[in-house]
Amino acid sequence: MCELCEKYGEGNPWYLNPMNYARPLYRKIEKDKEKEPMILEELRGPINIIKPLIDLMDNPEAFKKAKEQFSKHQERMVGQVVSLEDAKKMVEIAQPITKIDCICRRTFRATLEDGVQRPRSCLGLGIGMFRWEEWPERYKGGVEFLSTEEAKKHLEHWHKRGMVITIMAFGTPYIGGICLCDYPDCIAIRMRLDYNVIPFLLKGHQVAKIDYEECIGCGSCAQRCQFGAVKMEVTTNKSNIDLTRCFGCGVCVYTCPQDAIRLIDRKRFSTLKEEW
Amino acid sequence: MLPVVEIDKKKCSTPFECKKCLQICPQAVFAVAPTKVERFKETDPENYEVQAVFRNKCVVCMDCVKTCPTAALRVIVGGYD
C-alpha cells in the first residue's frame, strides 16, 4: 500500500491526481511568518538540509536521532522516482511547465546550466512559476515556458541520456517539479542511498524485470543503473536486476538494445508492494 | 573521526567562479551556496561560500588541496594535516 496514494490519490498514484497540482494561487501572508528565515534557508539550496546531519556523524546517537527527525519531514517535502510514461502523464495535467536549472547540480558541482555548460534540465510546475522573478537567485538565468509536447520531448531527451526522473512535492502533496537526477549531484538520490533518509526519495511504482530469453549480456543496463541494482552476472553471462534494490526509474529499459527489460507494477509482487 | 576540511574564506573569495575543488573531487564532497538569498535580488559572487558537506565520503586524496589556486584548503584527519 502506498501511503501517499491512499491519502492524496484516492488509491491511484498520488502524483496523477490533478488536485495535487492545485496549490492555491493566493495565500494569506502571515506577517511574522514571512520574515522567518526558513523560507530563505530553503532557497539557499539543499546544503542546509544535509550539512547539519552529516556534521553529527561523529556521534552515532545524535546522528540516529537527527535522521529520525528527518523522516518525519514528509509533510514538508517528499520525492519519488517516476517512470517516463508517468512523467508524461504528469505534464499533461500540470500547467504551466517551465524549464529551470537544477539547484542540486548548481550546489554540488557549481554548474549554472546557463545554456553554455549544460541546458536547464529540471521542470518547474504550477502557478508558482509565474512568480519566478521574485527569487532571481534561485531562477538564475530565467525560466523557459514549455508546451506539453515540448516538455515530453525534454523528459525523453534527458531520460534516454541516463537521468532518473523524480518528482518533488514542496508542501506535500503539492507537486512543484519534475527533476532529472544524476548521482552524486542529486541530493535526493544521495540522501537515500548514502544515508538511508527515506522520504526525500521514495521508490517508484514499478520495478524493472529482465527477460532472460531476450538478454544478450551486453551490459549496457548495468552501466546506467544509479541505484546499484543491476550487475552483469558472470555465471549466466546475462544482466541481473535485484528487484529489492530497483527504484523503477526505467533508465535501463531505454538503454537496452534488445528491448529485454520491462517495467512491471510493484503491486504485482507481494514482497515488494510495501517497499518504498 | 570524519576528516575536517578547513576552508580559508579570505583566500577563497569567488568560489562559484573558480569551482575547481567542486569539480575535481571524486567523491563530490563539496557544495557551494549563497550565504543569503534576498527577494528580487541576485546574490553577489562574494556572498557565496564553499563548504565540505559529505565529509564522511572523503577519501583524503588531497586533489582539492593540490588544485586550489589560492591554497585556501586544508584537509585534517584526526588532528593532523
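A:Asp259 sits in the loop between helix 11 (251-255) and strand 10 (261-265) of chain A. Its phi is near 60°, a positive value in a residue other than glycine. A:Asp259 counts as exposed, because it has 10 C-beta neighbours inside 10 Å and the limit for exposed is 12 or fewer. The model is predicted.

**Backbone features of chain A**

- A:Asn237 also has a positive phi, near 55°, and is a residue other than glycine.
- The loop that holds A:Asn237 runs between strand 8 (230-233) and strand 9 (238-241) of chain A.
- A:Asn237 counts as exposed, because it has 11 C-beta neighbours inside 10 Å.
- The peptide bond from A:Gln95 to A:Pro96 is cis, and its omega is near -10°.
- A:Pro96 belongs to the loop between helix 6 (84-93) and strand 2 (97-100) of chain A.
- A cis peptide bond also leads from A:Tyr183 to A:Pro184, with omega near 0°.
- A:Pro184 is placed in the loop between strand 6 (175-181) and helix 9 of chain A.

**The segment after strand 10**

- A:Glu275 lies in the segment after strand 10 of chain A.
- A:Glu275 counts as partly exposed, because it has 14 C-beta neighbours inside 10 Å.
- With neighbours within four places in sequence left aside, A:Glu275 is in contact with A:Lys203 and A:Thr244.
- A:Glu275 and A:Gly204 are 71 residues apart in sequence, yet 9.4 Å apart in space from C-alpha to C-alpha.

**The six-stranded sheet of chain A**

- Chain A has an open sheet of 6 strands in the order 1-5-6-3-2-4, and the pairing is antiparallel.
- Strand 1 (77-81) and strand 4 (144-146) of chain A are the edge strands, and each pairs on one side only.
- From one strand to the next, the twist averages 25°.
- Inside this order, strand 5 and strand 6 of chain A pair in the antiparallel sense over 6 bridges.
- Opposite A:Met168 stands A:Gly177, in strand 6 of chain A.

**Two domains in chain A**

- The domain assignment divides chain A into domain 1 (3-195) and domain 2 (206-268).
- Their contact takes 11 residues from domain 1 and 11 residues from domain 2 of chain A.
- On the domain 1 side, helix 8 (148-160), strand 5 (164-170) and helix 9 of chain A each give two or more residues.
- That side of domain 1 divides into 7 nonpolar residues, 3 polar and 1 charged.

**Helix 4 of chain A**

- Helix 4 (residues 47-54) of chain A has the buried residues A:Ile47, A:Ile49, A:Ile50 and A:Ile54.
- Seen down the axis of helix 4 of chain A, these buried residues fall within an arc of 160°, so they line one face of the helix.
- An α-helix has 3.6 residues a turn, so residues three or four places apart point the same way.
- The cover over the buried residues of helix 4 comes from both chains: it includes helix 7 (103-109) and helix 9 (187-195) of chain A, together with strand 2 (30-34) and strand 3 (48-52) of chain B.

**Where chain B touches chain A**

- The contact involves 23 residues of chain B and 21 residues of chain A.
- Helix 2 (20-24) and strand 2 of chain B each supply at least two residues to the chain B side.
- Strand 2 of chain B gives the largest share of that side, 4 residues.
- The chain B side divides into 13 nonpolar residues, 4 polar and 6 charged.

**Strands 1 and 4 of chain B**

- Strand 1 (residues 4-7) and strand 4 of chain B run antiparallel and are joined by 4 bridges.
- B:Ile7 has B:Leu73 as its bridge partner in strand 4 of chain B.
- Strand 4 (residues 73-76) of chain B has B:Leu73 and B:Val75 on a covered face, with B:Arg74 and B:Ile76 on an uncovered one.
- In a regular strand the side chains alternate between the two faces of the sheet.

Note on methods. Residues numbered from 1 in each chain as written. Chains lettered and ligands numbered in written order. Predicted model: local features only at pLDDT ≥ 70, side-chain atom pairs only at ≥ 80, totals over all residues. Buried ≥ 20, exposed ≤ 12 C-beta atoms within 10 Å, placed from the backbone. Arc of directions from axis to C-beta. Contact = placed C-beta atoms within 7 Å. Nonpolar A, V, L, I, M, F, W, Y, C, P; charged D, E, K, R; others polar. Domains from an automatic or database assignment. Pairing = 2+ DSSP bridges. Axes fitted to C-alpha atoms, helices over the stretch in contact; angles between N-to-C directions.
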